[in-house]
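Have the sequence and the model side by side while reading.

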Amino acid sequence: MPTQYWKVRPYVLTGGRTRTRQHLLVHTLVSVPYYDAVFASGLLPESRSLYEHARKTRSVAELSAVCGMSLGVTRVVVDDLAATDRLQIHRDNYGSAFDYRLLERLRDGLRQLA
Amino acid sequence: MGPSSRRRATWRQRAARWLDPTVAQWAVAPQETAPPPPPPEDRADSLWPAICEQFALRILASAYQMGSHLEAVETDEQDPERLERLYRIDHANTRIRRHAENLQVLLGRRVEDANPQTVTLVDVARAASSAIEYYPRIRVGHVVDLGVVEFAADDVIRVLTELLDNATRFSPPSSSVIVSAYVTEDGSVLLRVEDAGVGVNPDQLAALNAMLAGNAPAPVAVDPAAHLGLVVVSHLARANHLRVSLTNRPSGGTTATVLVPGSLLCEVVPGAQRGPAMTFPTEPTAPVSRPPTWNGNQQRSAQMMASPDNTKSPTRHLTALSALPTDGNPGGQARQSSTGGLPRRVRESVRPDASPAGTHRPQRLAAAPQHGGSTGGGSSPDAWPDETAAFAAGVSDAQSAPLNEGHLP
C-alpha cells in the first residue's frame, strides 16, 4: 500500500488541480471495465495503484483508504482515469439521502463491520 | 555610537531606520545609520556562519511544523476551493523549507533530514518538483524502477529541485519541462531535465560546467543572485559524487543531466519500500536540539566556500556527517532509535574511523533487509500478484512513449 514519501506534496500528484469534471461523492462506485496490464505499467505509482485496486468495484472513499491517498487527490486521479475511459464511474442517482438503495447499502456496510 | 551633539534616537527609531532606509531621511542624522553589528570585526565575521545556520535550523523547524499541520488539514478538507488554497500554502511552505535547506548547504553543513528513507526515482522527481514555483509544468517521462538509498535521497532531490527550478524559470511559461531517468551501461542512472528555453550562453556554459564539476570557483562574487541554485548543486554533487552537466540542445533549450552513481541506487520492491516511519515528522527534534559546533564547522564552510578543490571537499562533507554523533550530541542517536526498525546504514558506511583522506565514499549496499524479505511476493495482500508484476516488469521497457508522459492529459 503506497503511502507517499512526505516530500512529495499532494499538489504535485494532481498538478495543483482540486476540481473534477464530474461530481465524485465519497460513496460513488468505481470499477475498471477491462484490466490492461500494459496500460497499468505506464501509469504513475498512485494512478497505477488505484487502477489495480479498482479492478473490483469500489467506492471512492474505499480507494482512497486502500491506496493511502487523501480524498482530494483520489478524486482527481479517479477523474483523470475516467476521462480516458479506463475507469468506469457508476452513476447511481440517489434522489435523496433517504433513498432505499442507499440505506440498504449503508445497512449492509454496517453489518459487515459488526 | 551616535554623535553626542544629536539627540539620541529611541531603539524603535533605530530599528525602523535599520529596517526601512527611507525613515532615516526625516528622522535623524544620516551619520547614525551605521551597520547594526559593528563590534570586534574578526569575531563577528567568524560567528556569522553559525548564526546563519541557527536561523536556517529554526526556519526548517517551523516549516516542518507548519507542514505537519497543513497535512492534517489537507487530508480532512472536502471542499475543492479551500483545498486549492491549502495547496498554495503548502507549496509556499515547501519552498521555504527548500530555501532553508539550501542555506545550510551553502554554509557547508550537511542537512540532517527529518526522515531519511529510500526514495524511488519517480518520487525523487516529484519531490523535486514539489519545491519549485512552476511545478505544473513538470512532466515525468520514462523513469526506471530504482530507488536512491536513504542517506543520499534528499541530496539528489535537492540537486534535481534546483535544476528543475532553473529549467522552468528560463523557459517559456507555456512549455513543459520533461524529467526522465535512464540506466546507463555501468549501472548508474542518468537523470535528464529537458527544457525548451533559450539555452545558456555558450561561453557561460563552459564556466558553469566547470563550476558544476568542481573545477572553478562559484561566480558568487560577480552577482550573488545569479546561479545560486547551481552553486548549491555543485556543493551537493561534490559531496555525493554526482556528475552534473548542462548542454544546449540543437533544437533549442537546455538539457541538464545528473549522473547518479550505482553506489547510491538500490532496488525497490513495489509496496515494500515504505518503512514504518513514514508519517510526517511532527517534531523536528534533531535540528533544534543540535548544539552549535562553532569552530569545526566554520572552518569547513570557509574552505568549502573558498577553495574549489574537489578532492578535499567531498570527504570533508562526509566526515561532517560522521562527526555529528561525536559532537557530544545525543540527537543523532536518539533519532536512530525513533525511526522504527530501519537499519541505519548511513552511520555504518560513513564511520569516523574510516580514513579521512583519500577517496572514501559510501559503498554499494546490499539489498536492504526490508526489501529482500518481501521479494517472494504475495506475502502481503496489497502486493501485486506475481504474474502481474512479472508481466509489467517485462513490458515496461517495450511500451510506447506517450504512455509514460506523466499524468494523464
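Is L264(B) buried or exposed? L264(B) counts as buried because it has 24 C-beta neighbours inside 10 Å. The terms used here rest on C-beta atoms placed from the backbone: a residue is buried if 20 or more other C-beta atoms lie within 10 Å of its own, exposed if 12 or fewer, and partly exposed in between. This is a predicted model, in which local features need pLDDT of at least 70 and side-chain atom pairs count only at pLDDT 80 or more, while totals for chains, interfaces and linings use all residues. Residues are numbered from 1 along each chain as its sequence is written, and chains are lettered from A and ligands numbered from 1 in the order in which they are written.

L264(B) sits in the loop that joins β7 (254–260) to β8 (265–267) of chain B. Leaving aside residues up to four places away in sequence, L264(B) touches V148(B), V149(B), A152(B) and N240(B); a contact here means two C-beta atoms, placed from the backbone, within 7 Å. N240(B) is 24 residues from L264(B) along the chain, and their C-alpha atoms are separated by 8.5 Å.

N240(B) leads on to another loop. H241(B) lies between α8 (228–240) and β6 (243–248) of chain B. With 17 other C-beta atoms within 10 Å, H241(B) is partly exposed. Its backbone has a phi near 60 degrees, a positive value in a residue other than glycine. Most residues other than glycine have a negative phi. D85(A) is placed in the loop between α5 and β3 (88–90) of chain A, and is exposed, with 8 other C-beta atoms within 10 Å.

One further loop residue of chain B is E133(B), between α5 (121–130) and β2 (138–143). E133(B) is exposed, with 12 other C-beta atoms within 10 Å. From C-alpha to C-alpha, E133(B) and R169(B) are 8.5 Å apart in space, although 36 residues apart in sequence.

Chain B has 15 helices and eight strands; helices (H or I, at least four residues) and strands (E, at least two) are DSSP runs, numbered from the N terminus. Of the 409 residues in chain B, 36% are buried. Among contacts in chain B with a separation of 6 or more, 74% involve residues 24 or more positions apart. Chain A has six helices and three strands, in the order α-β-α-α-β-α-α-β-α from the N terminus on. Buried residues are 38% of the 114 in chain A. Of the contacts in chain A between residues at least 6 apart in sequence, 66% join residues at least 24 apart.

How far can the coordinates be trusted? The model scores ipTM 0.83 and pTM 0.64. Where pLDDT is low, the predicted coordinates should not be read in detail.

The last topic is helix packing in chain A. Two packed helices are described by the angle between their axes and the distance between the axes. Axes are lines fitted to C-alpha atoms, for helices over the stretch in contact, and angles run from 0 to 180 degrees between N-to-C directions. The axes of helix α3 (residues 45–53) and helix α4 (residues 60–67) of chain A come within 10 Å and cross at roughly 125 degrees. That angle makes α3(A) oblique to α4(A): under 35 degrees counts as roughly parallel, over 145 as roughly antiparallel, 65 to 115 as roughly perpendicular and the rest as oblique. From α3(A), E46(A), S49(A), L50(A) and H53(A) meet L63(A), V66(A) and C67(A) of α4(A).

Helix α5 (residues 71–83) of chain A also has its axis within 10 Å of that of α3(A), with a crossing of roughly 75 degrees. α3(A) and α5(A) are therefore roughly perpendicular to each other. Here E46(A), S47(A), L50(A) and Y51(A) in α3(A) meet V77(A), V78(A) and L81(A) in α5(A).
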